[in-house]
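Please look at how the parts of this chain are arranged and where they touch. The text below goes from domains to a pair of helices.

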Amino acid sequence: MESIGVLLVARVMPYLEQELDKRFKLFRAWEYPNRAQLLSQHAAAIRAVVASSSAGADAALIEALPKLEIVSSFSVGVDKIDKEKCREKGIPVTYTPDVLTDEVADLTIGLILALLRRICECDRFVRSGQWKRGNYKLTTKFSGKTVGIIGLGRIGEAIAKRAEGFKCPISYYSRTEKRESNYKYYPSVVELASNCDILVVACALTEETHHIINREVINALGPKGYLINIGRGKHVDETELVSALVEGRLGGAGLDVFENEPSVPEELFGLENVVLLPHVGSATVETRTAMADLVLGNLEAHFLGKPLLTPLI
Ligand SMILES: O=CC(=O)O
(Lines give C-alpha, C1' and ligand atoms only; values in the text may rest on other atoms or scores of the structure.)
Protein backbone atom coordinates (compact mmCIF):
# COMPACT_ATOMS: atom_id res chain seq x y z
CA MET A 1 0.00 0.00 0.00
CA GLU A 2 3.08 2.24 0.13
CA SER A 3 2.18 3.84 -3.19
CA ILE A 4 -1.34 4.90 -2.11
CA GLY A 5 -1.50 8.65 -1.50
CA VAL A 6 -3.06 9.66 1.84
CA LEU A 7 -3.56 13.28 2.87
CA LEU A 8 -3.34 14.07 6.57
CA VAL A 9 -5.10 17.42 6.95
CA ALA A 10 -3.98 18.30 10.49
CA ARG A 11 -1.38 17.17 13.00
CA VAL A 12 -2.42 14.10 15.01
CA MET A 13 -0.66 11.98 17.65
CA PRO A 14 2.83 10.88 16.47
CA TYR A 15 1.84 7.18 16.51
CA LEU A 16 -0.84 7.69 13.88
CA GLU A 17 1.31 9.96 11.75
CA GLN A 18 4.20 7.46 11.85
CA GLU A 19 2.00 4.46 11.05
CA LEU A 20 0.37 6.30 8.14
CA ASP A 21 3.83 7.22 6.91
CA LYS A 22 5.00 3.59 7.12
CA ARG A 23 1.99 2.12 5.36
CA PHE A 24 1.08 4.77 2.75
CA LYS A 25 2.53 7.64 0.75
CA LEU A 26 1.70 10.36 3.24
CA PHE A 27 1.14 14.02 2.41
CA ARG A 28 1.07 16.37 5.40
CA ALA A 29 -1.11 19.39 4.62
CA TRP A 30 0.76 21.71 6.99
CA GLU A 31 4.02 21.22 5.07
CA TYR A 32 2.60 23.26 2.17
CA PRO A 33 2.23 27.06 2.23
CA ASN A 34 -1.42 26.75 1.23
CA ARG A 35 -4.02 24.31 -0.05
CA ALA A 36 -3.66 25.47 -3.68
CA GLN A 37 0.03 24.51 -3.73
CA LEU A 38 -0.61 21.12 -2.14
CA LEU A 39 -3.35 20.39 -4.65
CA SER A 40 -1.42 21.60 -7.67
CA GLN A 41 1.38 19.16 -6.82
CA HIS A 42 -0.48 16.12 -5.46
CA ALA A 43 -4.24 16.25 -6.09
CA ALA A 44 -4.11 13.38 -8.56
CA ALA A 45 -2.19 11.12 -6.15
CA ILE A 46 -4.45 11.44 -3.11
CA ARG A 47 -6.87 8.52 -2.63
CA ALA A 48 -7.67 9.01 1.06
CA VAL A 49 -8.05 11.92 3.46
CA VAL A 50 -7.42 11.50 7.18
CA ALA A 51 -9.42 14.11 9.08
CA SER A 52 -9.76 14.96 12.78
CA SER A 53 -11.90 17.06 15.10
CA SER A 54 -9.90 20.17 14.17
CA ALA A 55 -9.73 19.80 10.39
CA GLY A 56 -11.88 17.82 7.99
CA ALA A 57 -12.75 17.68 4.33
CA ASP A 58 -14.97 20.45 2.97
CA ALA A 59 -16.77 20.34 -0.37
CA ALA A 60 -13.98 22.24 -2.14
CA LEU A 61 -11.32 19.77 -0.99
CA ILE A 62 -13.45 16.76 -1.92
CA GLU A 63 -14.14 18.24 -5.37
CA ALA A 64 -10.46 19.03 -5.88
CA LEU A 65 -9.33 15.42 -5.34
CA PRO A 66 -10.36 13.44 -8.43
CA LYS A 67 -9.03 10.12 -7.08
CA LEU A 68 -10.49 10.44 -3.57
CA GLU A 69 -11.99 7.12 -2.41
CA ILE A 70 -12.40 7.44 1.36
CA VAL A 71 -12.36 9.97 4.23
CA SER A 72 -11.31 8.47 7.56
CA SER A 73 -11.70 10.66 10.62
CA PHE A 74 -9.59 10.41 13.76
CA SER A 75 -12.62 11.58 15.78
CA VAL A 76 -16.18 10.67 16.61
CA GLY A 77 -17.47 14.12 15.65
CA VAL A 78 -17.57 14.59 11.89
CA ASP A 79 -18.90 18.15 11.68
CA LYS A 80 -15.83 19.25 9.68
CA ILE A 81 -16.55 16.76 6.89
CA ASP A 82 -19.02 17.63 4.14
CA LYS A 83 -21.04 14.44 4.44
CA GLU A 84 -23.54 15.46 1.76
CA LYS A 85 -20.74 15.88 -0.76
CA CYS A 86 -19.29 12.49 0.23
CA ARG A 87 -22.71 10.86 -0.17
CA GLU A 88 -23.23 12.52 -3.51
CA LYS A 89 -19.86 11.25 -4.76
CA GLY A 90 -20.18 7.81 -3.17
CA ILE A 91 -17.14 8.38 -0.95
CA PRO A 92 -17.32 6.41 2.32
CA VAL A 93 -16.61 8.21 5.60
CA THR A 94 -15.33 6.38 8.68
CA TYR A 95 -15.03 7.67 12.25
CA THR A 96 -14.05 6.44 15.73
CA PRO A 97 -17.16 5.71 17.80
CA ASP A 98 -17.29 3.46 20.90
CA VAL A 99 -13.55 3.38 21.67
CA LEU A 100 -13.71 6.87 23.19
CA THR A 101 -17.10 6.70 24.90
CA ASP A 102 -15.79 5.81 28.39
CA GLU A 103 -13.01 8.38 28.19
CA VAL A 104 -15.30 11.27 27.31
CA ALA A 105 -17.89 10.22 29.89
CA ASP A 106 -15.19 9.94 32.58
CA LEU A 107 -13.92 13.41 31.79
CA THR A 108 -17.45 14.81 31.90
CA ILE A 109 -17.83 13.61 35.48
CA GLY A 110 -14.37 15.03 36.23
CA LEU A 111 -15.43 18.37 34.81
CA ILE A 112 -18.63 18.40 36.88
CA LEU A 113 -16.73 17.59 40.07
CA ALA A 114 -14.00 20.12 39.27
CA LEU A 115 -16.63 22.79 38.72
CA LEU A 116 -18.90 22.12 41.70
CA ARG A 117 -16.13 21.29 44.17
CA ARG A 118 -13.81 23.97 42.72
CA ILE A 119 -10.97 21.45 42.43
CA CYS A 120 -8.80 23.62 40.16
CA GLU A 121 -9.42 26.72 42.30
CA CYS A 122 -8.56 24.76 45.45
CA ASP A 123 -5.31 23.59 43.86
CA ARG A 124 -4.42 27.21 42.99
CA PHE A 125 -5.35 28.22 46.56
CA VAL A 126 -2.86 25.75 48.03
CA ARG A 127 -0.07 26.50 45.54
CA SER A 128 -0.30 30.25 46.05
CA GLY A 129 0.06 29.90 49.83
CA GLN A 130 -3.42 31.35 50.54
CA TRP A 131 -4.32 28.36 52.77
CA LYS A 132 -1.98 29.74 55.43
CA ARG A 133 -4.30 32.75 55.69
CA GLY A 134 -7.53 30.73 56.14
CA ASN A 135 -9.63 27.88 54.82
CA TYR A 136 -11.12 27.68 51.34
CA LYS A 137 -14.80 28.64 51.18
CA LEU A 138 -17.53 25.98 51.01
CA THR A 139 -18.45 24.56 47.62
CA THR A 140 -21.42 22.69 46.06
CA LYS A 141 -22.40 19.02 46.37
CA PHE A 142 -22.66 16.91 43.18
CA SER A 143 -24.36 13.74 44.48
CA GLY A 144 -28.12 13.95 44.02
CA LYS A 145 -28.15 16.92 41.65
CA THR A 146 -30.41 16.60 38.61
CA VAL A 147 -28.41 16.07 35.45
CA GLY A 148 -29.96 17.02 32.10
CA ILE A 149 -28.28 15.61 29.02
CA ILE A 150 -28.66 16.96 25.50
CA GLY A 151 -28.18 13.97 23.20
CA LEU A 152 -28.70 10.48 24.60
CA GLY A 153 -26.38 8.70 22.18
CA ARG A 154 -23.45 6.49 23.16
CA ILE A 155 -21.64 9.23 25.08
CA GLY A 156 -24.80 10.73 26.61
CA GLU A 157 -25.83 7.26 27.86
CA ALA A 158 -22.38 6.64 29.35
CA ILE A 159 -22.52 9.99 31.18
CA ALA A 160 -26.01 9.15 32.47
CA LYS A 161 -24.83 5.77 33.82
CA ARG A 162 -21.97 7.40 35.67
CA ALA A 163 -24.17 10.19 37.06
CA GLU A 164 -26.63 7.53 38.29
CA GLY A 165 -23.75 6.27 40.43
CA PHE A 166 -23.83 9.70 42.11
CA LYS A 167 -27.57 9.23 42.78
CA CYS A 168 -28.43 11.96 40.27
CA PRO A 169 -31.89 11.94 38.67
CA ILE A 170 -31.33 11.97 34.91
CA SER A 171 -33.36 13.74 32.25
CA TYR A 172 -32.60 14.37 28.61
CA TYR A 173 -33.48 16.12 25.40
CA SER A 174 -33.06 14.57 21.98
CA ARG A 175 -34.88 14.97 18.68
CA THR A 176 -37.08 12.01 19.50
CA GLU A 177 -37.96 10.33 22.77
CA LYS A 178 -36.10 7.06 23.41
CA ARG A 179 -38.89 4.67 24.33
CA GLU A 180 -36.40 2.16 25.74
CA SER A 181 -34.98 4.71 28.21
CA ASN A 182 -36.25 5.21 31.76
CA TYR A 183 -34.83 8.73 31.97
CA LYS A 184 -37.23 11.66 31.89
CA TYR A 185 -37.61 13.14 28.41
CA TYR A 186 -38.16 16.83 27.71
CA PRO A 187 -39.20 17.76 24.18
CA SER A 188 -37.42 21.13 24.39
CA VAL A 189 -33.98 22.19 25.60
CA VAL A 190 -35.46 25.16 27.50
CA GLU A 191 -37.73 22.80 29.44
CA LEU A 192 -34.80 20.50 30.18
CA ALA A 193 -32.68 23.46 31.33
CA SER A 194 -35.50 24.75 33.57
CA ASN A 195 -35.70 21.36 35.27
CA CYS A 196 -32.07 20.41 35.90
CA ASP A 197 -29.12 21.59 37.97
CA ILE A 198 -26.40 20.50 35.56
CA LEU A 199 -26.94 20.64 31.81
CA VAL A 200 -24.54 18.55 29.72
CA VAL A 201 -24.12 19.01 25.97
CA ALA A 202 -23.34 15.60 24.48
CA CYS A 203 -24.94 15.66 21.02
CA ALA A 204 -23.41 15.85 17.56
CA LEU A 205 -22.91 19.27 15.99
CA THR A 206 -25.33 19.73 13.10
CA GLU A 207 -27.19 22.71 11.63
CA GLU A 208 -30.00 21.97 14.11
CA THR A 209 -27.75 21.85 17.18
CA HIS A 210 -25.61 24.89 16.29
CA HIS A 211 -26.07 27.35 19.23
CA ILE A 212 -28.51 24.93 20.88
CA ILE A 213 -27.36 26.67 24.06
CA ASN A 214 -28.64 30.21 23.55
CA ARG A 215 -29.69 33.07 25.85
CA GLU A 216 -33.09 31.51 26.58
CA VAL A 217 -31.55 28.17 27.59
CA ILE A 218 -28.88 29.84 29.71
CA ASN A 219 -31.50 31.93 31.51
CA ALA A 220 -33.63 28.82 32.06
CA LEU A 221 -30.63 27.08 33.67
CA GLY A 222 -30.18 30.15 35.84
CA PRO A 223 -27.80 31.40 38.55
CA LYS A 224 -27.81 28.06 40.37
CA GLY A 225 -27.35 26.02 37.19
CA TYR A 226 -24.18 24.66 35.62
CA LEU A 227 -23.41 24.12 31.94
CA ILE A 228 -21.01 21.38 30.84
CA ASN A 229 -19.92 21.25 27.20
CA ILE A 230 -17.99 18.24 25.98
CA GLY A 231 -19.54 18.37 22.49
CA ARG A 232 -18.41 21.15 20.19
CA GLY A 233 -17.82 24.84 20.87
CA LYS A 234 -20.41 25.81 18.28
CA HIS A 235 -23.16 24.15 20.31
CA VAL A 236 -22.98 27.20 22.57
CA ASP A 237 -23.54 30.87 21.74
CA GLU A 238 -20.28 31.81 23.44
CA THR A 239 -20.98 35.55 23.56
CA GLU A 240 -24.21 34.85 25.45
CA LEU A 241 -22.45 32.37 27.74
CA VAL A 242 -19.69 34.83 28.62
CA SER A 243 -22.14 37.64 29.39
CA ALA A 244 -24.31 35.31 31.51
CA LEU A 245 -21.26 34.21 33.52
CA VAL A 246 -19.93 37.76 33.91
CA GLU A 247 -23.38 39.04 34.95
CA GLY A 248 -23.98 36.12 37.35
CA ARG A 249 -27.02 34.85 35.40
CA LEU A 250 -25.47 31.35 35.25
CA GLY A 251 -23.98 29.42 38.17
CA GLY A 252 -20.93 28.17 36.29
CA ALA A 253 -19.57 26.35 33.26
CA GLY A 254 -17.22 23.46 32.61
CA LEU A 255 -15.99 23.66 29.04
CA ASP A 256 -13.81 21.27 27.05
CA VAL A 257 -14.62 22.93 23.73
CA PHE A 258 -14.87 26.48 22.40
CA GLU A 259 -16.25 28.26 19.35
CA ASN A 260 -12.86 29.31 17.94
CA GLU A 261 -10.32 26.85 19.32
CA PRO A 262 -7.65 27.36 20.47
CA SER A 263 -8.91 30.88 21.24
CA VAL A 264 -10.88 31.12 24.47
CA PRO A 265 -12.70 34.32 25.51
CA GLU A 266 -10.36 36.07 27.92
CA GLU A 267 -13.27 37.29 30.04
CA LEU A 268 -13.47 33.70 31.33
CA PHE A 269 -9.89 33.64 32.64
CA GLY A 270 -10.66 35.66 35.75
CA LEU A 271 -13.83 33.77 36.72
CA GLU A 272 -13.63 31.18 39.48
CA ASN A 273 -16.89 29.49 38.49
CA VAL A 274 -15.53 28.13 35.22
CA VAL A 275 -13.26 25.19 34.43
CA LEU A 276 -11.56 25.40 31.04
CA LEU A 277 -10.04 22.41 29.27
CA PRO A 278 -8.17 22.34 25.93
CA HIS A 279 -10.48 19.89 24.05
CA VAL A 280 -9.11 16.74 25.70
CA GLY A 281 -12.24 14.58 26.02
CA SER A 282 -10.63 11.51 24.43
CA ALA A 283 -7.02 12.53 24.97
CA THR A 284 -5.38 9.63 26.76
CA VAL A 285 -2.67 7.38 25.34
CA GLU A 286 -4.95 4.34 25.54
CA THR A 287 -7.97 5.87 23.83
CA ARG A 288 -6.13 7.89 21.18
CA THR A 289 -4.15 4.74 20.28
CA ALA A 290 -7.39 2.79 19.88
CA MET A 291 -8.77 5.61 17.72
CA ALA A 292 -5.60 5.64 15.59
CA ASP A 293 -5.84 1.86 15.11
CA LEU A 294 -9.42 2.31 13.87
CA VAL A 295 -8.30 4.93 11.34
CA LEU A 296 -5.56 2.59 10.09
CA GLY A 297 -7.87 -0.44 10.12
CA ASN A 298 -10.55 1.39 8.12
CA LEU A 299 -8.05 2.56 5.49
CA GLU A 300 -6.54 -0.91 5.13
CA ALA A 301 -9.94 -2.55 4.95
CA HIS A 302 -10.98 -0.13 2.21
CA PHE A 303 -7.86 -0.62 0.10
CA LEU A 304 -8.01 -4.42 0.53
CA GLY A 305 -11.67 -4.42 -0.53
CA LYS A 306 -12.84 -5.65 2.88
CA PRO A 307 -15.80 -4.33 4.95
CA LEU A 308 -15.05 -1.07 6.76
CA LEU A 309 -14.71 -1.36 10.55
CA THR A 310 -16.63 1.78 11.54
CA PRO A 311 -18.36 3.32 8.54
CA LEU A 312 -20.54 6.38 9.00
CA ILE A 313 -21.44 6.69 5.33
O1 LIG B 1 -13.70 15.89 19.67
C2 LIG B 1 -13.33 14.79 19.53
C3 LIG B 1 -13.93 13.83 18.64
O4 LIG B 1 -14.85 14.20 17.89
O5 LIG B 1 -13.49 12.68 18.62
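In this predicted model, 9 residues of domain 1 are in contact with 6 residues of domain 2. Domain 1 is made of two stretches, 5-99 and 286-303, and domain 2 covers 101-276. Taken over C-alpha atoms, the centres of the two domains are 31 Å apart. About 640 Å² is buried between domain 1 and domain 2, and carbon and sulfur atoms give 39% of that area. On the domain 1 side, D79, D98 and T287 supply 59% of the area that this domain buries against domain 2. No other three residues of domain 1 supply more.

The second topic is a pair of helices. Two packed helices are described by the angle between their axes and the distance between the axes. Helix α1 spans residues 14-23 and helix α11 spans residues 285-303. Their axes come within 9 Å and cross at roughly 20°. Angles under 35 degrees count as roughly parallel, so α1 is roughly parallel to α11. The crossing of α1 past α11 is right-handed.

Which residues in α1 and α11 meet? From α1 come Y15, L16, E19, L20 and R23. These meet T289, A292, D293, V295, L296, L299 and E300 in α11. By class, the contact of α1 with α11 has 7 nonpolar residues, 1 polar residue and 4 charged residues.

Methods: Residues are numbered from 1 along each chain as its sequence is written. This is a predicted model: local features need pLDDT of at least 70, side-chain atom pairs count only at pLDDT 80 or more; totals for chains, interfaces and linings use all residues. Side-chain values use heavy atoms; hydrogens and water are left out. Axes are lines fitted to C-alpha atoms, for helices over the stretch in contact, and angles run from 0 to 180 degrees between N-to-C directions. Helices (H or I, at least four residues) and strands (E, at least two) are DSSP runs, numbered from the N terminus. Angles under 35 degrees count as roughly parallel, over 145 as roughly antiparallel, 65 to 115 as roughly perpendicular and the rest as oblique. A crossing is left-handed if the near helix is turned anticlockwise from the far one by less than a right angle, and right-handed if clockwise. Contact means heavy atoms within 4.5 Å. Ala, Val, Leu, Ile, Met, Phe, Trp, Tyr, Cys and Pro count as nonpolar, Asp, Glu, Lys and Arg as charged, and the others, Gly among them, as polar. Domain bounds come from an automatic or database domain assignment. Buried area is the accessible area (1.4 Å probe) that two parts lose on being put together, summed over both.
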